Structure formats: C-alpha cells, structure tokens
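Try each task before you read its solution.

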Amino acid sequence: MSAHQLGEIVSLVFMAFALGMDAFSVSLGMGMQSLRLKRIAFIGMVIGLFHIIMPFMGIMVGKAISVKIGELTTLVAGTLLFAIGAQMLFSAFNHEIKKVVKPAGIGLLFFAISVSVDSFSVGLSLGMSGVKIAIALLLFGAVSTVLTWIGMLLGKKVHGLLGVYSEILGGSILCGFGLYMLFG
C-alpha cells in the first residue's frame, strides 16, 4: 500500500468519525427512552444504512446540484432534530401526550435521515474527488453504526440513573443539537 493510499484511507476514517459523531450525540438523547437492546441494535444498523445511502445518493447526484443544497440539508436536519426533542420534552411534562416520535417506523426514518443528511453533501464532494467510493461508504456505515450503538447504550445507562428526568435531558440534547445545526 502506497503512502497516498494510506493517507486516503486515514482521511476517510476521520471523515467517517466526523459524520458519525452527530449520530452519537443524538443517540445519547434517544437512548434515554426505554429501549430494548434488540431495538438499539436495529436502530444502529438503520443509521449505518442511511450513512451509506445518503452519501451514495450525493455521489450519484454529483455535479448536477449546486452548493446551496448543503445549506438546505442542514436546515431540514436541524428542524427535524429540534422537533423530535421538543416532542420528547412535551411528553415528559405531560404524560397524556402520546409519544409521537419513537425510534420505530416513521420516527426511526426521520431520526435516521436527520443524522445522516449531512453525509449527502459529503457524497457530492466524494463523487468529484475520485476516492474509492465503496471503501468510503462502508466506513461511513460501519463507524456511524458503532457510534450510534455506543451513544444509545450510554443514554440507556443515564436513563437508569436519572429515571424520569432522563427524558427531559434527552429531549434537551436533541433540541440543543437541532438548534446548533440551525444557528451554529
């Protein structure tokens, strides 16, 4: 393996961690809900899959889309995360509100899209750079899956320690991360 190839792989690993860190952060909050380990494993795999699909779509779209799409994806992702966090906060204070956003079904789809949408923009640039796309996509998926699992398991631990207040903390984390994406 040449120094150039090694440098490319190291760069992709760092990029994979950077893309997966938002999944980790948000998973801390989401993990504070009462979730079974089987559900956590499934959620991690879905997040990983979306971290493969989104950059792949970005690569396919490539040069056809302008730079403006990056700003739009951040706006959509931030709004989704804030809405999920706000719903968690409201349900923590009002037990009559049914939990609308659970990490299952459409809620899981929104969650997966919100934490992987930034990888779409990365895919746009990867498509133009000529990196080894298969390696990049597999790294993005694997790293984000593992980081999601770690975040959710840590969130589950905190939930056990904090009890009812963990949902407030989890909702606050999601709202804060959404606001950071929107205004940070």
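**Exercise 1.** In which helix does T145 lie?

Before starting, note that this is a predicted model: local features need pLDDT of at least 70, side-chain atom pairs count only at pLDDT 80 or more, and totals for chains, interfaces and linings use all residues. Residues are numbered from 1 along each chain as its sequence is written, and side-chain values use heavy atoms, with hydrogens and water left out.

*Solution.* Step one: T145 lies in helix α6. Helices here are DSSP runs (H or I, at least four residues), strands are E runs of at least two, and both are numbered from the N terminus. Step two: check the cover. T145 has a relative accessible area of 11%, so it is buried. The scale is: buried under 20% relative accessible area, exposed over 50%, partly exposed in between, with a 1.4 Å probe and protein chains only. Step three: look for partners. Leaving out residues up to four places away in sequence, T145 touches G44, M45 and G48, where contact means heavy atoms within 4.5 Å.

**Exercise 2.** Is T148 buried or exposed, and what does it touch?

*Solution.* Start with its place: T148 is found in helix α6, residues 133–162. Its relative accessible area is 0%, so T148 is buried. Then list its contacts, again skipping residues up to four places away in sequence: A23, S27, I43, G44 and I47. Leaving aside neighbours within four places, I47 is in contact with A23, F111, A112, V115, S144 and T148.

**Exercise 3.** Which residues touch the most other members of the largest nonpolar core?

*Solution.* First, the term: a nonpolar core is a set of buried Ala, Val, Leu, Ile, Met, Phe, Trp, Tyr and Cys residues joined through side-chain atoms within 4.5 Å. The largest one has 19 residues, and V26, I43, I47, F111, V115 and M152 touch the most other members. Next, find the elements that give two or more residues: α1 (3–30), α2 (37–61), α4 (105–116) and α7 (165–183). The largest share, 6 residues, comes from α2. Finally, there is a second, separate core of 10 residues, including L19, V122, L139 and L147.

**Exercise 4.** How many residues does α2 have, and how far does it reach?

*Solution.* Count first: α2 has 25 residues and reaches 36 Å from its first C-alpha to its last, close to the 36 Å expected at 1.5 Å a residue. The expected span is 1.5 Å times one less than the number of residues. Now do α4: its 12 residues should span 16 Å, and its end C-alpha atoms are 17 Å apart, which agrees. Among the buried residues of α2 are I40, V46, F50 and M54; those of α4 include G107, L108 and S114.

**Exercise 5.** How many helices and strands are there in the protein, and how much of it is buried?

*Solution.* Tally the elements: 7 helices and 0 strands. Of the 184 residues, 45% count as buried. Then look at the contacts between residues at least 6 apart in sequence: 91% join residues at least 24 apart. A83 lies in helix α3 (residues 68–93), and at 41% relative accessibility it counts as partly exposed.
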